[in-house]
Amino acid sequence: MLQWKAGGLFSIENPRRSYMWLYNPVARLLNLPGVELKYGDQCCFGCEYAKPTGWLTNAEHVDVVEIGRAHV
């Protein structure tokens, strides 16, 4: 929250089906303007197996994780 308030970028990575996304302090971040939960598989980035991952972020350049997913 402090990073967002200061105008900085942040990214939180965790497995796609992680219960962390339901944890209230984390879930509240999703309601902030400009914050999105993006999904992708890390196999597109050199991982040996599909690893469904979520990234909670306000950084537009993290869109690449969803682009990678579209090519799987």
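**View 1. Residues 68–72 of the predicted model, a stretch with pLDDT under 50.** Over residues 68–72 the pLDDT stays under 50, and for this stretch the model has 8 contacts beyond four places in sequence. Where pLDDT is low, the predicted coordinates should not be read in detail. Among the elements of the protein chain, helix α3 (residues 64–70) has the lowest mean pLDDT, 59.

**View 2. Helix α2 and the confidence of the protein chain.** Helix α2 (residues 24–29) has the highest mean pLDDT among the elements of the chain, at 95. For the protein chain, the mean pLDDT is 84, and 83% of its residues reach 70 or more.

**View 3. Strand β3 and its pairing with β1 and β2.** Strand β3 spans residues 52–57 and is mostly covered, with 5 of its 6 residues buried. Strand β1 (residues 11–15) runs antiparallel to β3 and is joined to β3 by 5 bridges. The pairing of strand β2 (residues 36–41) with β3 is also antiparallel and extends over 6 bridges. Opposite P52 of β3 stands D41.

View 4. The C-alpha atoms of T53 and G40 are 5.6 Å apart in space, while the two residues are 13 residues apart in sequence. T53 has a relative accessible area of 2% and is therefore classed as buried, the cut-off being under 20%.

Methods
Residues are numbered from 1 along each chain as its sequence is written. This is a predicted model: local features need pLDDT of at least 70, side-chain atom pairs count only at pLDDT 80 or more; totals for chains, interfaces and linings use all residues. Side-chain values use heavy atoms; hydrogens and water are left out. Buried means under 20% relative accessible area, exposed over 50%, partly exposed in between (1.4 Å probe, protein chains only). Helices (H or I, at least four residues) and strands (E, at least two) are DSSP runs, numbered from the N terminus. Two strands pair if DSSP finds at least two bridges between them. pLDDT is the predictor's confidence in each residue, from 0 to 100. Contact means heavy atoms within 4.5 Å.
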